[in-house]
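Please keep the sequence and the structure in view while reading.

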Amino acid sequence: MKIIRSREELQAALAVLPRPLGFVPTMGYFHEGHLSLMRASRRENRSTVVSLYVNPLQFGPQEDLARYPRDAERDRLLAEREGVDLLFTPDDEEMYPSVGRIPGSLQRTRVQVEGLSSIWEGASRPGHFEGVATVVVKLFHLVQPDTAYFGQKDYQQALVIQTLVRDLALPVTIRVLPTVREADGLALSSRNAYLSPQERQAAPRLYQSLRLGEELIRQGERDPQAVIWQMESFLSKEPLCRLDYVTVVAPETLLVPAAIRLPVALLGAAWFGKARLIDNLIVR
Ligand code: AMP
């Protein structure tokens, strides 16, 4: 596996890689969720490129950019073990060269996916999806993959990316793979590293609330507000959980329907101590 830090080296290495090329964009601190995407790419392509870049553009000023967990050496070993061909780990100057920058801003050009970017995660994290969309488009241009792999864990993110790829006619296929979970249901996340032992015990409640919502829908509940209320009330019983939102939405628009018609997506976000966790479930 080659470790690549600059755009120049990347272009040289890509030129000799057999196609088709699979690409897995990440922020590192790898867990089985990331590895499942690398494995899918390996299965479905002749070459695999993984990017590891903690993108400042997608973090708000009060968010966890500075303390986001990092372990470059372990990540290198894990990616190598998965048979990744290139690990692209640019620094900020490589991704956002300071030439021509407005002071205080990383770059002038931003990619905005209207509507989808401003609700739910976008409402709680203003500018987040603009940062994600911008860096992903940039990475697609640098890597030129045939297929790019994303996790369902970040459902709204995957939808934003599928939408921008369609809207901008980008020549890349997007594959979204299932959420990898711990045995107790907690979705794997780099941010789980922030959890204290007590918070770790409490954290599966987010997924349990989504399962409760699913159960109510399967039993015939068709009023989204009734489902949302039950999920909220279930989460409020956990003192270590500070709810951001749980909701029932149409999978493509992310709007709450007047009445539930399958499929629907159940989305949730909650704080457990310093960790803001998200999860989702599609009811088909
Ligand atoms: P991140 O490093 O958190 O930006 O995630 C990189 C990619 O891994 C994104 O496409 C995520 O959706 C995906 N991912 C993160 N956690 C999981 C998980 N538990 N299961 C599957 N994919 C995941």
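Two strands are said to pair if DSSP finds at least two bridges between them. Helices (H or I, at least four residues) and strands (E, at least two) are DSSP runs, numbered from the N terminus. The model is a predicted one, in which local features need pLDDT of at least 70 and side-chain atom pairs count only at pLDDT 80 or more, whereas totals for chains, interfaces and linings use all residues. Residues are numbered from 1 along each chain as its sequence is written, and side-chain values use heavy atoms, with hydrogens and water left out.

Strands of a sheet pair through backbone hydrogen bonds, in either a parallel or an antiparallel manner. Here, six strands with parallel pairing make up an open sheet in the order E1-E4-E3-E2-E5-E6. Strand E1 (2–4) and strand E6 (173–177) stand at its edges with a single partner strand each, so one side of each has no neighbour in the sheet. On average, neighbouring strands of this sheet are turned by 25 degrees against each other, direction ignored; axes are lines fitted to C-alpha atoms, for helices over the stretch in contact, and angles run from 0 to 180 degrees between N-to-C directions. Within the sheet, E2 pairs with strand E3 (residues 47–52) in the parallel sense over six bridges, and leucine 21 stands opposite serine 47 in E3.

H1 lies across E1, E2, E3 and strand E4 (86–88), at about 160 degrees to E4. Helix H7 (residues 155–167) packs on the sheet and touches E5 and E6, its direction making about 165 degrees with that of E6.

A further open sheet consists of three strands in the order E7-E8-E9, with antiparallel pairing. Its edge strands, E7 (241–249) and E9 (275–283), each pair on one side only. Neighbouring strands of this sheet are turned by 10 degrees against each other on average, direction ignored. Strand E8 (residues 264–272) pairs with E9 in the antiparallel sense over nine bridges, and leucine 266 has leucine 281 in E9 as its bridge partner. Helix H9 (residues 205–218) lies across E7, E8 and E9 and runs at about 20 degrees to E9.

Which residues are closest to the ligand? They are Met27, His34, Asp154, Val180 and Leu188, out of 18 residues that surround the ligand (a residue is near if one of its heavy atoms lies within 4 Å). Strand E2 (21–26), helix H2 (32–44) and strand E5 (147–151) each supply at least two residues of this shell, and H2 provides the largest share, three residues. An oxygen atom of the ligand is 2.9 Å from a polar backbone atom of methionine 27. Ligand oxygen also lies 2.8 Å from an N or O atom in the side chain of histidine 34 and 2.6 Å from one in the side chain of aspartate 154. The protein covers 93% of the 480 Å² of accessible area that the ligand has on its own (Shrake-Rupley method, 1.4 Å probe).

A cis peptide bond with omega of about 5 degrees joins arginine 19 and proline 20, the latter lying in the loop between helix H1 (7–15) and E2. Another cis peptide bond, with omega of about 0 degrees, joins leucine 262 and proline 263; proline 263 is placed in the loop between E7 and E8. Tyrosine 29, although not a glycine, has a positive phi of about 55 degrees and lies in the loop between E2 and H2.

Terms used:
Contact means heavy atoms within 4.5 Å. A polar contact is a pair of N or O atoms within 3.5 Å; within protein, one must be able to donate a hydrogen and the other to accept it, and residues adjacent in sequence count only if both atoms are side-chain atoms.
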